[in-house]
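Please examine the sequence and the three-dimensional structure shown here. A report on selected features accompanies them.

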Amino acid sequence: MKKVILDCDPGHDDAIAMLLATRADNIDLIGVTTVAGNSELHHTVNNALRVLNYADVYDIPVYAGCSKPMMRDLYRLTGAVIHGEDGLGGPEIPAPTQKPEEKHAVDYLVDTLMESEEKITLVAVGPLTNVAMAMIKEPRIKDKIDKLIIMGGAIIEPGNITSAAEFNIYVDPEAAKVVFNSGVEIYLNTLDVTMKAVFLEKDINEMVKSDNKISKIVGELLIFFAGTHVEHFGFLACPIHDALCIGQIIDPTLLSHKKVFCDVSLHDELTLGETVADLWNITGKEPNIYMATDVDVDKFKTMIKTHMEKPYISKQI
Ligand code: BDR
Ligand code: CA
């Protein structure tokens, strides 16, 4: 059983990642931290809570974190276009009964990691602001992170916010730079793999038709998400980017990775937020990141569909 903290900005695919983690037999999701990204912080924290409560989960604490990137204003346009004004457009999901915790997400990350006897897996599927701030506040947390699994970046595929950059990295590139250069064992699941593992109309319809309320709501979320992908990018297929990071913990054979040197572009307007990887070790720099190279698409689809049919079984003591 892996102890996992999920840092996210729900967001359709974040919500599905969270649901997947709560339904996984080998994951003990001990906390959810939220960050501004797909929507403003008050929306992302509320979305995390309402998705959990809708899915009969009331015992996983949710923390609000940073309300803006480290050095920039929050870039809102694409998040709103793709995820809707409140970050979770589509089906009506009732307001949560659970409240967010008092503690700031950065303090929760620092305290929980420092107090834990065992190492914890950190999954970060939004802009990396909370994670970078926690590393700056208490650098010793780096030794307590088992693996840091990130959804972000685009190495061979084009970006989805500029032609060079992927959304999570573009929104807070300074934070990404801090994290990439932290020395922690990082798995980077980029658009190169997430755009291969897309749900098609028949996959989504199958879920919508289910009698299970979680499968059904996931299908409805995907209808909205697929719709904005058609409008904005012109293709009828729906990625569930963030859920791959949880999928990797459920089944380590889901993704293949290759260790490379990778850093983030900061200064050039054309390439801001680009994840630049040295695929052939031309620079001779020490590899620092396991970049995803491939995904078993059928395995991922089956994993999502079967897990959403499962009831929530609490692992909190
Ligand atoms: C990433 O950006 C967000 O819109 C998604 O939630 C995902 O984390 C994909 O580029
Ligand atoms: Ca996200």
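## Basis of the model

This is a predicted model, in which local features need pLDDT of at least 70 and side-chain atom pairs count only at pLDDT 80 or more, while totals for chains, interfaces and linings use all residues. Residues are numbered from 1 along each chain as its sequence is written, chains are lettered from A and ligands numbered from 1 in the order in which they are written, and side-chain values use heavy atoms, with hydrogens and water left out.

An open sheet of mixed pairing is formed by 9 strands in the order β3-β2-β1-β4-β5-β6-β9-β7-β8. Strands are DSSP runs of E of at least two residues, and helices are runs of H or I of at least four, numbered from the N terminus; two strands pair if DSSP finds at least two bridges between them. At the edges are β3 (62–64) and β8 (275–278), each of which pairs on one side only.

Strands β1 (residues 2–8) and β2 (residues 27–34) run parallel and are joined by 7 bridges. Within this pair, V4 stands opposite L29 in β2. Helix α4 (residues 105–115) packs on the sheet and touches β1, β2, β3, β4 (120–124) and β5 (145–151); contact means heavy atoms within 4.5 Å.

## The calcium ion

The calcium ion (ligand 2) is coordinated by D9 (OD), D14 (OD), D14 (OD), V125 (O) and D242 (OD), at 2.3 to 2.6 Å. Donors are N, O and S atoms within 2.8 Å of the metal (3.2 Å for Na, K and Ca); water is not among the atoms, so the site may look incomplete. Along the chain, the donors follow the spacing D-x4-D-x110-V-x116-D.

D14 lies in helix α1 (residues 12–23) and D242 in the loop between α10 (213–233) and α11 (243–250), 228 residues apart. Both D14 and D242 are buried, that is, under 20% relative accessible area (1.4 Å probe, protein chains only).

## Surroundings of ligand 1

Ligand 1 is surrounded by residues including D13, D14, N38, V125, N160, E166 and D242, each with a heavy atom within 4 Å of the ligand. An oxygen atom of ligand 1 lies 2.8 Å from a polar side-chain atom of N38. For N160, the distance from a side-chain N or O atom to an oxygen atom of ligand 1 is 2.8 Å, and for E166 it is 2.4 Å.

## T22 in helix α1

T22 belongs to helix α1. With a relative accessible area of 3%, T22 is buried. Beyond its neighbours within four places in sequence, T22 is in contact with L29, L52, V57, I60, Y312 and K315.

Technical notes:
Axes are lines fitted to C-alpha atoms, for helices over the stretch in contact, and angles run from 0 to 180 degrees between N-to-C directions. Buried means under 20% relative accessible area, exposed over 50%, partly exposed in between (1.4 Å probe, protein chains only). A polar contact is a pair of N or O atoms within 3.5 Å; within protein, one must be able to donate a hydrogen and the other to accept it, and residues adjacent in sequence count only if both atoms are side-chain atoms.
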